[in-house]
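Below are some notes for a colleague who has not seen this structure before. They cover the ligand surroundings and the salt bridges.

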Amino acid sequence: MATIVAIASRELSKAQDGAKKFGIPKAYGTYEEMLDDPEIDAIYISVPNGLHAEWAIKSMKAGKRVLIEKPLCANVDEAKAIFEVAQQTGRVALEAFHWQFHPAAHVVKSYVDSGKYGKVLKTSARMVTPKNSMPSWDIRWKYDLAGGATMDET
Ligand SMILES: NC(=O)C1=CN([C@@H]2O[C@H](COP(=O)(O)OP(=O)(O)OC[C@H]3O[C@@H](n4cnc5c(N)ncnc54)[C@H](OP(=O)(O)O)[C@@H]3O)[C@@H](O)[C@H]2O)C=CC1
Ligand SMILES: O=C1OC[C@@H](O)[C@H](O)[C@H]1O
């Protein structure tokens, strides 16, 4: 079982509001301060996509295990860097993407692998969101933060 020990924001007042709302004992006004907290074993990384690798690597170097929001990171070089640091530090790095563990996904994969229904010739995906649910300032529109529909649904 895990206990949430602290929450961090780039703005202390935001962290304090979150801590109060969710009954979290400690609030930090920088991410670095949280990494310095010896009481913390693992960090949940929920910053924008383009910052996942940076904070996963800093967290592991600070001795923490990391649960990294999907998508794991922005590109293959970052993915390699994350797993190199995980190996060097002996820390666990896991992407918070439930499909790889979902029984339904395994059943679908077993059908595909079995060839029972023939070969997969094409797949297609479309991202649709309710009108105004993703304002223009949302991180998902920001290329420099590794936004975009493909990244969002990866
Ligand atoms: N698994 C799932 O089902 C879901 C996963 N996600 C993933 O979670 C991550 C965050 O998504 P979401 O919570 O919707 O995003 P938000 O924009 O709501 O939150 C991201 C937070 O990151 C912090 N942050 C740090 N640096 C920056 C920066 N340069 N610009 C903007 N924000 C920054 C901010 O917190 P602060 O200012 O307090 O420091 C901000 O509140 C994404 O990787 C997304 O793909 C999102 C939704 C569902
Ligand atoms: O589950 C999700 O649905 C909406 C998306 O924008 C989000 O990032 C994703 O994780």
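1. A salt bridge is counted here when a side-chain nitrogen of Lys or Arg lies within 4 Å of a carboxyl oxygen of Asp or Glu. E54 and K58 meet this rule, with their closest N and O atoms 2.8 Å apart. The model is a predicted one, and by this rule the count of salt bridges comes to seven.

2. E54 and K58 both belong to helix α3 (residues 52-61), and because they are four residues apart there, about one helical turn separates them. E54 has a relative accessibility of 35% and so counts as partly exposed. K58, at 34%, also counts as partly exposed.

3. A second pair is K26 and E39, whose closest N and O atoms are 2.6 Å apart in a salt bridge. K26 is in strand β2 (residues 26-28), while E39 is in the loop between α2 (31-35) and β3 (42-45), so the pair ties together parts that are 13 residues apart in sequence. K26 is partly exposed, with a relative accessibility of 24%. E39 is partly exposed as well, with a value of 47%.

4. What links D152 and K70? Their side chains meet in a salt bridge, 3.8 Å from N to O. The two residues sit in distant parts of the chain, 82 residues apart: D152 is in helix α6 (residues 149-152), and K70 is in the loop between β4 (65-69) and α4 (76-89). Buried means under 20% relative accessible area, so D152, at 9%, counts as buried. Through shared partners, salt bridges join K70, D138, R140 and D152 into one network.

5. K70 is among the residues that come nearest to ligand 1, together with S9, K14, Y31 and N49, out of 17 around it. R140 has an N or O atom in its side chain that is 2.8 Å from an oxygen atom of ligand 1.

6. For S9, a polar side-chain atom is 2.5 Å from an oxygen atom of the ligand. For K14, the corresponding distance to an oxygen atom of ligand 1 is 2.8 Å. Ligand 1 taken alone exposes 900 Å², and the protein buries 64% of that area.

7. How do the residues of the shell around ligand 1 divide into nonpolar, polar and charged? Eight of them are nonpolar, four are polar and five are charged.

How values were computed
Residues are numbered from 1 along each chain as its sequence is written. Chains are lettered from A and ligands numbered from 1 in the order in which they are written. This is a predicted model: local features need pLDDT of at least 70, side-chain atom pairs count only at pLDDT 80 or more; totals for chains, interfaces and linings use all residues. Side-chain values use heavy atoms; hydrogens and water are left out. A residue is near a molecule or strand if one of its heavy atoms lies within 4 Å of it. A polar contact is a pair of N or O atoms within 3.5 Å; within protein, one must be able to donate a hydrogen and the other to accept it, and residues adjacent in sequence count only if both atoms are side-chain atoms. Accessible areas come from the Shrake-Rupley method with a 1.4 Å probe; for residues, only the protein chains shown count as cover. Ala, Val, Leu, Ile, Met, Phe, Trp, Tyr, Cys and Pro count as nonpolar, Asp, Glu, Lys and Arg as charged, and the others, Gly among them, as polar. Buried means under 20% relative accessible area, exposed over 50%, partly exposed in between (1.4 Å probe, protein chains only).
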